[in-house]
Amino acid sequence: MATGRTHRPATRSRGIPEATVARLPLYLRALTALSERSVPTVSSEELAAAAGVNSAKLRKDFSYLGSYGTRGVGYDVEYLVYQISRELGLTQDWPVVIVGIGNLGAALANYGGFASRGFRVAALIDADPAMAGKPVAGIPVQHTDDLEKIIKDNGVSIGVIATPAGAAQPVCDRLVAAGVTSILNFAPTVLSVPDGVDVRKVDLSIELQILAFHEQRKAGEETAEGGPLPAAAPRGAAADDSADQGPDGDVPAVMPA
């Protein structure tokens, strides 16, 4: 099996839009569920409904993969699972390091979905000397002093940052200097990285603010049916500002179900 350091997904070279790339995991999750039920084929309408998109958008997305289905039959489920997995790079072995083994980092280390999606947790790293050697999810925690050696020895190109905000940028800088080119950031801060390094930010507080905005809007619509709309509270206005974009200028990433 190939390793992540020497083989990269072909999505960018093939000109697949980022919005389409962001939807491919949704299709893959829906297709995997169908595969587990031994469903051989699926229509674009059925798959779109399962993935939460409209069927026209799904057909456009699949056209970038060169997959158009068969009229009257639909899409071959197993082939699409393979095709999307290959496009996302999930047919390779991707060693990952998690830096920051507090409550969140430990929870991520115990997340069972990594292995089934082609990601192998190669190392857990923490700055607390008292954590060194302690097993988390069956993996002994290593000290940040050895970060560069760990990256090199395991051929890691993907790093997960689950540190406090103040430590995130220094950790990011060390990961990048050691050769990591993709970072999943759970720290509540915006990271600065050079060109060629991809960062995906997961901020649960932003996701909750967006939900709060929608809850407030629904409450306002209900009030409007029986009387004038109440004035928006400042906290709700802040949620409104964050509804379109995260701090990185993009819709925040979320963990897969």
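This is a predicted model: local features need pLDDT of at least 70, side-chain atom pairs count only at pLDDT 80 or more; totals for chains, interfaces and linings use all residues.

Asp61 and Arg23 form a salt bridge, with their closest N and O atoms 2.7 Å apart. The pair ties together distant parts of the chain. Asp61 sits in helix α3 (residues 55–64). Arg23 sits in helix α1 (residues 18–36).

The structure has 7 salt bridges.

Take Lys149 and Asp153. Their closest N and O atoms are 2.6 Å apart. Both residues belong to helix α7 (residues 147–154). They are 4 residues apart, about one turn of the helix. Lys149 is exposed, and so is Asp153.

Next, Lys201 and Asp203. This salt bridge has its closest N and O atoms 3.8 Å apart. The cut-off for a salt bridge is 4 Å, so the pair counts. Lys201 and Asp203 are both buried.

Now the strands. In β3 (residues 94–99), 6 of the 6 residues are buried, so the strand is largely enclosed by the rest of the structure. In a regular strand, side chains alternate between the two faces of the sheet. Both faces of β3 are covered. On one side are Trp94, Val96 and Ile98, all buried. On the other are Pro95, Val97 and Val99, also buried.

β3 has two strand partners to look at here, β4 and β7. With β4 (residues 119–126), β3 pairs in the parallel sense over 6 bridges. With β7 (residues 158–161), β3 also runs parallel, joined by 4 bridges. Ile98 takes part in both pairings: Leu124 stands opposite in β4, and Val160 is the bridge partner in β7.

Finally, the whole chain. The chain holds 10 helices and 9 strands. Of its 257 residues, 40% count as buried. Among contacts between residues at least 6 apart in sequence, 62% join residues at least 24 apart. The exposed surface comes to about 14,000 Å², and carbon and sulfur atoms supply 56% of it.

Definitions and conventions:
Residues are numbered from 1 along each chain as its sequence is written. Side-chain values use heavy atoms; hydrogens and water are left out. Buried means under 20% relative accessible area, exposed over 50%, partly exposed in between (1.4 Å probe, protein chains only). Contact means heavy atoms within 4.5 Å. Accessible areas come from the Shrake-Rupley method with a 1.4 Å probe; for residues, only the protein chains shown count as cover. Two strands pair if DSSP finds at least two bridges between them. A salt bridge is a side-chain nitrogen of Lys or Arg within 4 Å of a carboxyl oxygen of Asp or Glu.
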